[in-house]
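Subject: Structure handover

Hi,

Here is the structure I promised to pass on to you. My notes on what turned up in it follow below.

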Amino acid sequence: MLSMYQALEQKLCLLQSQINDLPDGRLICSHHGRYCKWYQSNGHDRTYISKKNRHLAEQLALKKYLSLQIDILQKEKRAIQFYLDHHCSYTDKAEQFLASNPEYQNLLSVYFHSDSQELNHWARNAYQSNPAHPEQLIHKSVSGHLVRSKSEALIDMLLYTNKIPFRYESELHLSGTLFFPDFTIRHPKTGQFFYWEHFGLMDFAFFVYPVGHFFP
């Protein structure tokens with residue numbers, strides 16, 4: 001669901017960027033029998049668009065279509081946000097229970113480990129994490145990590161309780177550059193690496209997949 005919300009935000013940004021490049025005003029189509037006249041309206045006045053200036057009419061028509069798409073996507077976004085707000089309030093109870101009851105967390109940890117001892121060792125072994133802004137690590141997750149936001153704590157919980165080996169903000173070297181993706185994930189069966197950059201800038205080769213899409 002989080003990935004759907006992200007995808008909607010990205011699509012909305014793209015559509016809005018397209019609209020910003022289109023002419024001001026909106027198209028009015030006035031029908032007179034078999035004929036139709038085009039006008040460009042600013043909300044108060046309207047200007048006739050000649051047939052020779054069809055390109056302007058096409059751009060204004062596209063603007064109307066994109067605006068309708070934005071309206072639909074914004075409604076979808078609000079619906080998903082409503083779900084996340086309420087869903088997170090429920091999952092917070094389970095998360096808070098484990099976080100505040102270390103003995104339960106210890107007893108239940110065996111149920112949240114991968115079947116692969118190698119991957120379990122990889123997930124628990126020490127690694128170089130992101131040293132920047134440690135004061136922002138204020139949310140304790142059920143896996144024991146300190147993370148920067150409630151949404152990251154939710155992702156942490158979903159990975160952990162679904163027995164998916166992962167590391168939080170582990171170093172990654174790409175073409176001589178050091179990165180710290182939010183989550184470095186290993187496929188629980190194949191060990192394949194995936195990187196999840198939550199609400200980050202995707203200007204380098206990170207693969208971002210929702211958990212249910214690549215782990216059956």
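Let me start with a pocket: helix α4 gives three residues to the lining of the second largest pocket, the largest share. Besides α4 (117-124), α5 (150-161) also gives two or more residues to that lining. The pocket has a volume of about 320 Å³ and is lined by 16 residues, with His113, Ala123, Arg124, Ser143 and Tyr160 nearest its centre. By class, the lining splits into eight nonpolar, six polar and two charged residues.

Do keep in mind that this is a predicted model. The average pLDDT is 82, and 82% of the residues score at least 70. Where pLDDT is low, the predicted coordinates should not be read in detail.

Tyr39 is buried at 13% relative accessible area, whereas Tyr48 is partly exposed at 45%. The Phe166 and Phe183 rings have centres 6.0 Å apart and planes at 55°, so this pair is tilted. Because Phe166 sits in strand β6 and Phe183 in strand β9 (residues 183-186), the pair ties together parts 17 residues apart in sequence. Phe166 is buried at 5%, and Phe183 is buried at 0%. Finally, Trp122, Phe193 and Tyr195 form one aromatic cluster.

Best wishes

Conventions
Residues are numbered from 1 along each chain as its sequence is written. This is a predicted model: local features need pLDDT of at least 70, side-chain atom pairs count only at pLDDT 80 or more; totals for chains, interfaces and linings use all residues. Side-chain values use heavy atoms; hydrogens and water are left out. pLDDT is the predictor's confidence in each residue, from 0 to 100. On a 1 Å grid over the protein atoms alone, a cavity is a set of points where a 1.4 Å probe fits but cannot get out, and a pocket is an open set with protein on both sides within 12 Å along at least five of seven lines; lining residues have an atom within 4 Å of a point. Grid points are joined across faces, edges and corners, and a volume is the space filled by probe spheres set on the points. Helices (H or I, at least four residues) and strands (E, at least two) are DSSP runs, numbered from the N terminus. Ala, Val, Leu, Ile, Met, Phe, Trp, Tyr, Cys and Pro count as nonpolar, Asp, Glu, Lys and Arg as charged, and the others, Gly among them, as polar. Buried means under 20% relative accessible area, exposed over 50%, partly exposed in between (1.4 Å probe, protein chains only). Rings of Phe, Tyr and Trp (its six-membered ring) pair if their centres lie within 6.5 Å; planes under 30 degrees apart count as stacked, over 60 as edge-to-face and the rest as tilted.
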